[in-house]
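I have opened my notebook and the viewer side by side. Here is what I looked up, entry by entry.

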Amino acid sequence: MTATDALRIVLLAGGVGGSTFATGLRDEIAGRGGSLTVVCNTGDDLWLSGLRLQPDVDSMLYALAGVKDLAQGWGRAGDSRRVADELAAWNVGWEWFLLGDLDLGAHIARTSWLREGLSPTDAIARLQARWDLGATLLPMTDTEVDTHVVLDAAGTRMHFQEWWTRHRARLEPVRFENPGIAVSVPAPGVLEAIAAADVILVAPSNPIVSIGPILAVPGLADAIRAASAPVVGVSPIIGDAPVRGMADVCLRVAGVPCTAAGVAGHYGARGADGVLDAWLIAAEDAEAAASVDDLGITAHVEPLWMSDAARTRALAVAALRAAGI
Ligand code: GDP
Ligand code: CA
């Protein structure tokens, strides 16, 4: 890179952890004249009440637009539930999966564009054109690969959103599946962004149900392995615990230790199977640095708590520094 080149960043991300990290990254690169392309997980997507929902894409959209309900962690700030109450009166949808009125506006807009024949990528382009996000949002794929939670050997299953939002991850899964992912293709622009990147970052997102589906899109992990950019990940596990959410259950089901080193091993060093060059771990996990290094991944001990905008931005700076930027 020369001083005149703009820094091109690609971020792989899920919802809460991914979008929080993305805001820090966006704030940091604004002053450096860089560009940020976010490859969003679409494994959480679902059809509900006749509408197409993309929870992680929408979390990213709302967070970067500054309209997210930060206290709740999802949806639009200041939202109301008049439509949701009407839908409940008709017994339409899931009463435990609240769709706010403003949020429904995005789902109706997206669904109407999909019905007109636009691809999910094009619909997301229209949604994000409303705000100056300081980033470009791409879905990982335009193929529908909604995550199922398989609950027993007979294949009994439910949608991931039902397992998480209704049952709060209390039903023990056998495995997670993304039907159709083996024949999905990366969304337009994803492979190009990866190939052109100066740095590729893996957000502190759920390794199994957020980053897992992204890396499972055929060709996507290979493109990361072939990229010239360094690949730096941020641990979503601090002190052997997920900061929030159900990553501990997901990791257990996948047979991955719920530790910073365990997740590093799951992603693996860039090579035949893995993708990481460097891995940020918290001071609480500093003793794991040597075992991460032993994997062929350079460990960097940094503060990983994204508890406010300044700390989140500092984490973005640390991730770029680990990439030599
Ligand atoms: P989801 O799609 O809404 O579940 O969100 P993500 O997959 O993007 O992120 C969920 C993960 O974010 C959880 O597994 C947490 O471990 C992680 N996370 C949340 N807050 C923080 C934080 O402040 N620091 C770090 N390092 N990870 C966090
Ligand atoms: Ca998600």
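**Entry 1: a glycine in a loop.** I started with Gly219, which sits in the loop between helix H8 (211-216) and helix H9 (220-226). Gly219 counts as partly exposed, because its relative accessible area is 34%. For my own reference, buried means under 20% relative accessible area, exposed means over 50%, and partly exposed is in between, with a 1.4 Å probe and protein chains only.

**Entry 2: what I am looking at.** I note that this is a predicted model, in which local features need pLDDT of at least 70 and side-chain atom pairs count only at pLDDT 80 or more, while totals for chains, interfaces and linings use all residues. Residues are numbered from 1 along each chain as its sequence is written, chains are lettered from A and ligands numbered from 1 in the order in which they are written, and side-chain values use heavy atoms, with hydrogens and water left out.

**Entry 3: the ligand.** How many residues surround ligand 1? I found 21, and the closest are Ser205, Asn206, Ser210, Pro236 and Leu304. A residue is near a molecule if one of its heavy atoms lies within 4 Å of it. By class, this shell holds ten nonpolar, eight polar and three charged residues. Here Ala, Val, Leu, Ile, Met, Phe, Trp, Tyr, Cys and Pro are nonpolar, Asp, Glu, Lys and Arg are charged, and the others, Gly among them, are polar. Helix H1 (residues 16-30) gives the most to the shell, with three residues.

Next I looked at oxygen atoms of ligand 1. One is 2.6 Å from an N or O atom in the side chain of Ser210. For Ser205, again with a side-chain N or O atom, I noted 2.7 Å from a ligand oxygen. Taken alone, ligand 1 exposes 590 Å², and the protein buries 91% of that. These areas come from the Shrake-Rupley method with a 1.4 Å probe.

**Entry 4: an arginine in H1.** Is Arg26 buried or exposed? Arg26 belongs to helix H1, and it counts as buried because its relative accessible area is 17%. A polar atom of the Arg26 side chain lies 2.7 Å from the backbone oxygen of Leu133.

**Entry 5: the seven-stranded sheet.** I traced an open sheet of seven strands, in the order S5-S2-S1-S9-S10-S13-S14, with parallel pairing. Strand S5 (136-139) and strand S14 (298-301) are at the edges with a single partner strand each, so one side of each has no neighbour in the sheet. Two strands pair if DSSP finds at least two bridges between them. The twist averages 20° from one strand to the next.

I then zoomed in on strand S2 (residues 35-40), which pairs with S5 in the parallel sense over four bridges. In this pairing Val38 stands opposite Leu137 in S5. Strand S1 (residues 8-13) is also parallel to S2, and six bridges join them. There Val10 stands opposite Thr37 in S2. How many residues of S2 are buried? I noted five of its six.

**Entry 6: the three-stranded sheet.** The order of this open sheet is S7-S6-S8, and the pairing is antiparallel. Strand S7 (157-159) and strand S8 (175-177) are the edge strands, each pairing on one side only. Strand S6 (residues 148-150) is joined to S8 by three bridges, and Val150 stands opposite Arg175 in S8.

**Entry 7: positive phi values.** Asn91 is not a glycine, yet its phi is positive, about 60°. I located Asn91 in the loop between helix H3 (82-89) and helix H4 (101-115). Asn91 counts as exposed because its relative accessibility is 65%. Asp240 also has a positive phi, near 65°. Asp240 lies in the loop between strand S11 (237-238) and strand S12 (241-242), and at 49% relative accessibility it counts as partly exposed.

Conventions:
Helix = DSSP H or I, 4+ residues; strand = E, 2+ residues; numbered from the N terminus. Polar contact = N/O pair within 3.5 Å; in protein donor to acceptor, adjacent residues only side chain to side chain. Axes fitted to C-alpha atoms, helices over the stretch in contact; angles between N-to-C directions.
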